[in-house]
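Got a model open and wondering where its labels come from?

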Amino acid sequence: MEFALVSALFWVGFDYTRKRLAAFFSAPLMSVVFSVLVLPCYLVYWFYADKSVPAVQYFYPATISGLLAGIGSVSFIRALAVGKVAVMLPMLSLTPVISGVFAWIWLGESLSLIEVSAIAVLVSASFILQGGKLTFIEPGSGFILLTAMCWGCCIVFDKQALRHSSIEFHIAYITLVVLVFNGLLFRPKVELSKLLQYSGLWMSAAACFSFAVTLQFVALLEIQPGILEALKRAIGIIGAGLIGVYLFKEKLTPTQWSCIGVILVTSVIFSV
């Protein structure tokens, strides 16, 4: 559980640096550049720590996971382009529910009553904290629902793949699949001089991303995917809210502060 919480904190750092980069670069370009930056590090990590290549049974769920992650990213970008952020983001709170149910069906990993209750609390508090709007008729709602489905299912295929592979190989292979998918689909134009101008932000974002993904896979070996997704989403939403309050002088309502307290208490209790 500790790895899941630390991973969630690195996701917060990644979201913050990604938000700053988004003011200067398009989302498709950022997706490709992040993969290009971290892939060599993952390959070196695999070469020195493992060097093994998994059996053929690994590549079926791993490739599906990478493709779902790529499709989810494309759908997310499209949803934010045509829909309202205040409506789109709360719908991502469905991701832990999808992960938990799919892992139960696909992998046979059931949830105890306490785990179901914890996911329900985290999802509900996250939903309210992001504005609490759920609609399927707004523009972009179909894309964001597809995003939640893809991201909710890909982590389950990750867990299935990790039964046949080391974490070192898996993170390199998944990154390669996402890079090829997004690179071929978007074909972004890269201005090297502009990238170098914000090299500090790029490196910080890439470092947060690499640690977040690696620790997430370590945590995935121990806990049910639905729980991991619930913690990741909840802590990420809290981080975004607190960054908005303290760095961008945004306001939170008493209800939103209460949700932050509920998420923190639930996360602490559930991790001990």
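Q: How do you know that the length of helix H7 agrees with what its 21 residues should span?
A: The expected span of a helix is 1.5 Å times one less than its number of residues. For H7, residues 141-161, that should give 30 Å, and its end C-alpha atoms are 30 Å apart, so the two agree. This is a predicted model, where local features need pLDDT of at least 70, side-chain atom pairs count only at pLDDT 80 or more, and totals for chains, interfaces and linings use all residues. Residues are numbered from 1 along each chain as its sequence is written, and side-chain values use heavy atoms, with hydrogens and water left out.

Q: What makes H7 largely enclosed by the rest of the structure?
A: Buried means under 20% relative accessible area, exposed means over 50%, and partly exposed is in between (1.4 Å probe, protein chains only). In H7, 16 of the 21 residues are buried, so the helix is largely enclosed. Across the protein chain, 51% of the 272 residues count as buried.

Q: What makes a stretch count as a helix here, and how many helices are there in the protein chain?
A: Helices are DSSP runs of H or I with at least four residues, strands are runs of E with at least two, and both are numbered from the N terminus. By that rule there are 12 helices and 0 strands in the protein chain.

Q: What does the span of helix H1 come to?
A: H1 covers residues 2-21, which makes 20 residues. From first C-alpha to last it reaches 29 Å, close to the 28 Å expected. Its buried residues include Trp 11, Val 12 and Phe 14.

Q: Why are H1 and H10 called roughly antiparallel to each other?
A: Two packed helices are described by the angle between their axes and the distance between the axes. Axes are lines fitted to C-alpha atoms, for helices over the stretch in contact, and angles run from 0 to 180 degrees between N-to-C directions. Angles under 35 degrees count as roughly parallel, over 145 as roughly antiparallel, 65 to 115 as roughly perpendicular and the rest as oblique. H1 and H10 (residues 199-220) pack at about 155°, with their axes 8 Å apart. The pair is therefore roughly antiparallel. By class, their contact has 18 nonpolar, 5 polar and 1 charged residues.

Q: Why is Ala 4 called buried?
A: Its relative accessible area is 2%, so Ala 4 counts as buried. Ala 4 sits in H1, and its C-alpha atom is 6.3 Å from that of Leu 228, 224 residues apart along the chain.

Q: What makes Glu 109 and Lys 159 a salt bridge?
A: A salt bridge is a side-chain nitrogen of Lys or Arg within 4 Å of a carboxyl oxygen of Asp or Glu. The closest N and O atoms of Glu 109 and Lys 159 are 3.1 Å apart, which passes. Glu 109 lies in the loop between H5 (95-106) and H6 (113-129) and Lys 159 in H7, so the pair ties together parts that are 50 residues apart in sequence. Both ends count as buried, Glu 109 at 18% and Lys 159 at 10%.

Q: How do you know that Glu 109 forms a salt bridge with Arg 163?
A: Their closest N and O atoms are 3.9 Å apart, which still meets the rule. Arg 163 is in the loop between H7 and H8 (167-186), 54 residues from Glu 109.

Q: Why is Arg 187 called exposed?
A: Arg 187 has 62% relative accessibility, so it counts as exposed. Arg 187 lies in the loop between H8 and H9 (192-197).

Q: What is the phi of Arg 187, and what is that of Lys 51?
A: Most residues other than glycine have a negative phi. Phi of Arg 187 is near 45°, a positive value. Phi of Lys 51 is near 75°, also positive, and Lys 51 is in the loop between H2 (27-49) and H3 (56-82).

Methods:
Ala, Val, Leu, Ile, Met, Phe, Trp, Tyr, Cys and Pro count as nonpolar, Asp, Glu, Lys and Arg as charged, and the others, Gly among them, as polar.
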